[in-house]
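Open the model in your viewer and keep the selection panel at hand. Each stop below names what to pick and what to look for there.

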Amino acid sequence: MSVTAKEATRDAYGRALARLGGVEPRIVVLDADLFRSTRTSLFAERFPDRFFEMGIAEQDMVSTAAGLAMAGKIAFANSFAVFITGRAFDQVRQQVALPALNVRLCGSSAGLTLGADGATHQSVVDVALMRSLPNMTVIVPCDGSETERVVEASLKHQGPIYLRLSRYETPAWTSGIRDFAIGKAICLREGRDITIAACGVIMGEALAAADLLAEKGISAEVLDVHTIKPLDTDTILASAAKTGRVLTIEEHSIIGGLGSAVCEAIAERADRHVPVRRLGIRDTFGESGTADELLEVHGLTAPHIAREAESLLRAGSVPDA
Amino acid sequence: MISQDQLVVLSLRAREIRLTLLRMMGAGKAHHFGGSLSCVEILTALYFYKMHYEAGEPGHDDRDRLILSKGHAVPTQYACLAALGVLKPEEVPSLKTLGSRLQGHPDVRKTPGLEAPTGSLGQGLSFANGLALAARLDGAAHRIYVLLGDGELDEGQVWEAAMTSAHYRLDNLTAIVDRNGLQAQGATEAMKRLDPIVGKWAAFGWNVLQCNGHDLSALCAALDEATAVRGRPSVLIARTVKGKGVSFLEGRYQYHNAALSADEVARALGELGQQSMEHTD
């Protein structure tokens with residue numbers, strides 16, 4: 001796939017699942033009356049015996065997936081991100097995270113980029129909920145190429161994973177990246193003056209912001225932090241040590257997501273003062289609108305990101321240790 | 001059919017489980033006495049009559065699986081597992097203490113012989129469905145048993161799961177409802193009316209059986225009948241008495257989760273010992 005062709009991570013996910021179903025017989029897939037939207041329909045057509053339609057019953061779906069995983073299956077449970085993390089939180093807590101089972105909770109149509117359906121359907125705290133659970137790995141891929149690698153890597157991973165997926169179409173920013181590993185951040189662009197740590201399908205805005213900054217002579221490093229937990233603290237700290245400041249970008253509440261995770265890591269482990277700014281959803285719910293309109297309203301487009309980066313750079317020289 | 005000799009052995013086993021339970025829970029600490037005592041015969045009939053379960057081999061693939069959706073009754077399961085040699089008799093008194101394998105509610109990563117993480121109510125039947133679907137996919141012959149509390153049927157997820165079992169025609173699964181009529185704060189019918197409980201399960205597509213949940217002969221016969229039914233799941237409504245076997249605990253919701261004094265434990269053990277004597281006479 002070329003970098004310019006656009007694809008949603010949910011499409012890449014559905015394709016990968018249907019492909020890997022042929023090589024990994026332990027894969028089972030559950031859905032809660034959204035299989036056309038979550039793209040598990042591709043798997044269902046090829047492997048009907050291993051696909052379970054659970055009806056509009058996310059709690060039942062998650063617990064059933066846990067039972068299948070207990071019996072040795074790799075269970076992919078699917079719904080919209082807002083339902084699988086919120087509606088079924090207690091089932092995830094008790095029956096997936098506590099026993100550390102091989103359930104993959106796949107939250108589709110995540111974030112503001114869900115668009116017109118509005119606040120009830122826009123998951124803006126799903127990463128925070130899942131990140132708070134012991135044993136849970138949290139992954140937010142930024143494009144189709146990365147999503148395929150996550151699904152592949154998930155088959156060898158022990159323990160539960162929350163995989164955040166989107167319907168927002170993006171170019172394949174990571175198609176040229178050779179190595180992918182869960183928990184290892186990817187440097188998409190090297191820079192000296194500021195670190196932009198981003199995740200998910202708004203990666204394009206972070207990269208475009210780096211272009212805007214370059215026009216002003218500012219060299220921004222862009223990290224693709226696809227795994228929010230466990231966080232690749234080493235890569236983030238090394239980049240922060242080089243640039244001296246970090247800006248985080250996420251299509252999620254600034255409370256509990258990537259921005260929080262980066263702040264926690266830097267506060268505890270950086271050996272000098274590193275200013276951090278978080279761009280995301282500022283403790284509010286979403287609303288109806290197109291994906292691009294909502295990103296604009298919440299300050300998550302390239303010009304906003306570039307302005308925030310400049311502001312952080314202007315905020316004064318970093319006091320050195 | 002259960003023979004008269006088997007029945008005598010099972011009855012003694014049930015008494016032993018009750019005595020182990022009382023010694024395990026002891027005095028001075030709050031425990032789920034009521035709901036643990038009400039399901040003693042049910043678990044005895046399952047572990048020592050109905051289920052294919054090799055003593056001392058809790059990880060064997062062919063074993064039948066028992067899930068306690070009413071996870072607060074796990075002391076009864078511990079007592080059975082101790083009798084089977086899966087747990088050590090000497091660790092039984094460590095129930096709910098720091099570092100013990102015997103956690104307050106089932107923790108599958110800590111305790112051998114447990115099949116499902118439960119405690120937060122309403123989730124066990126869904127989990128059991130997952131095990132039953134996996135067994136079918138694998139062509140495995142083992143069966144899945146799941147014990148639900150009657151108060152637990154307030155949880156909506158139970159009915160989501162009941163639809164799933166029926167939709168997928170899970171005839172390798174048997175549910176048992178410990179119908180003791182009491183939940184934490186009062187009678188099930190006063191808290192939120194549950195009856196007609198039989199009609200509810202039947203309407204959800206289940207084969208419904210009923211029996212006296214303390215009559216081992218009736219329990220074994222009903223479990224045999226349930227497992228003979230093909231094409232749909234079976235549920236056994238086992239009518240029980242909360243706190244069964246100890247006169248001052250019977251039928252009292254106040255002992256759902258409460259502490260006994262040393263004197264009360266001694267009286268309870270005395271009553272159970274007396275019952276053992278009567279039975280062997």
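Select the five strands of chain B that form an open sheet, in the order β1-β2-β3-β7-β6. The pairing is parallel, and this is a predicted model. β1 and β6 (207-212) of chain B have a single partner strand each, so one side of each is left without a neighbour in the sheet. From one strand to the next, the twist averages 20°.

Which residue of β7(B) is the bridge partner of B:L209? Pick B:L236.

Next, select helix α4 of chain B, residues 74-83. Is this helix enclosed or open? Count the buried positions: 9 of the 10 residues are buried, so α4(B) is largely enclosed by the rest of the structure. Colour B:V74, B:P75, B:T76, B:Q77, B:Y78, B:A79, B:C80, B:L81 and B:A82 to see the buried residues. Then show what covers them, including α1 (4-25), α2 (33-37), α3 (40-50) and β1 (65-68) of chain B. Step past the helix to B:G85, where phi is positive, near 85°.

Among contacts in chain B with a separation of 6 or more, 76% come from residues 24 or more positions apart.

Move to where chains A and B touch. The contact takes 25 residues from chain A and 22 residues from chain B. On the chain A side, α4 (58-70) and α6 (89-97) each supply at least two residues. Which element gives the largest share of that side? Select α4(A), which contributes 9 residues. By class, the chain A side divides into 11 nonpolar, 9 polar and 5 charged residues.

Stay on chain A and colour by domain. The domain assignment gives domain 1 (7-170) and domain 2 (186-314). Their C-alpha centres lie 25 Å apart. The contact between them takes 27 residues from domain 1 and 29 residues from domain 2. On the domain 1 side, α7 (126-131) and β6 (137-139) of chain A give two or more residues each. That side has 14 nonpolar, 9 polar and 4 charged residues.

Last stop: the sheet of chain A. Select 7 strands in the order β3-β2-β4-β5-β7-β6-β12, an open sheet with mixed pairing. At the edges stand β3 (51-53) and β12 (227-229) of chain A; each has a single partner strand, so one side of each is left without a neighbour in the sheet. Neighbouring strands are turned by 20° against each other on average, direction ignored. Finish at β2(A), residues 27-31, which runs parallel to β3(A) and is joined to that strand by 3 bridges. Pick A:D31 and A:E53 there: they are bridge partners.

Key: Residues are numbered from 1 along each chain as its sequence is written. Chains are lettered from A and ligands numbered from 1 in the order in which they are written. This is a predicted model: local features need pLDDT of at least 70, side-chain atom pairs count only at pLDDT 80 or more; totals for chains, interfaces and linings use all residues. Two strands pair if DSSP finds at least two bridges between them. Helices (H or I, at least four residues) and strands (E, at least two) are DSSP runs, numbered from the N terminus. Axes are lines fitted to C-alpha atoms, for helices over the stretch in contact, and angles run from 0 to 180 degrees between N-to-C directions. Two residues are in contact if their C-beta atoms, placed from the backbone, lie within 7 Å. Ala, Val, Leu, Ile, Met, Phe, Trp, Tyr, Cys and Pro count as nonpolar, Asp, Glu, Lys and Arg as charged, and the others, Gly among them, as polar. Domain bounds come from an automatic or database domain assignment. A residue is buried if 20 or more other C-beta atoms lie within 10 Å of its own, exposed if 12 or fewer, and partly exposed in between; C-beta atoms are placed from the backbone.
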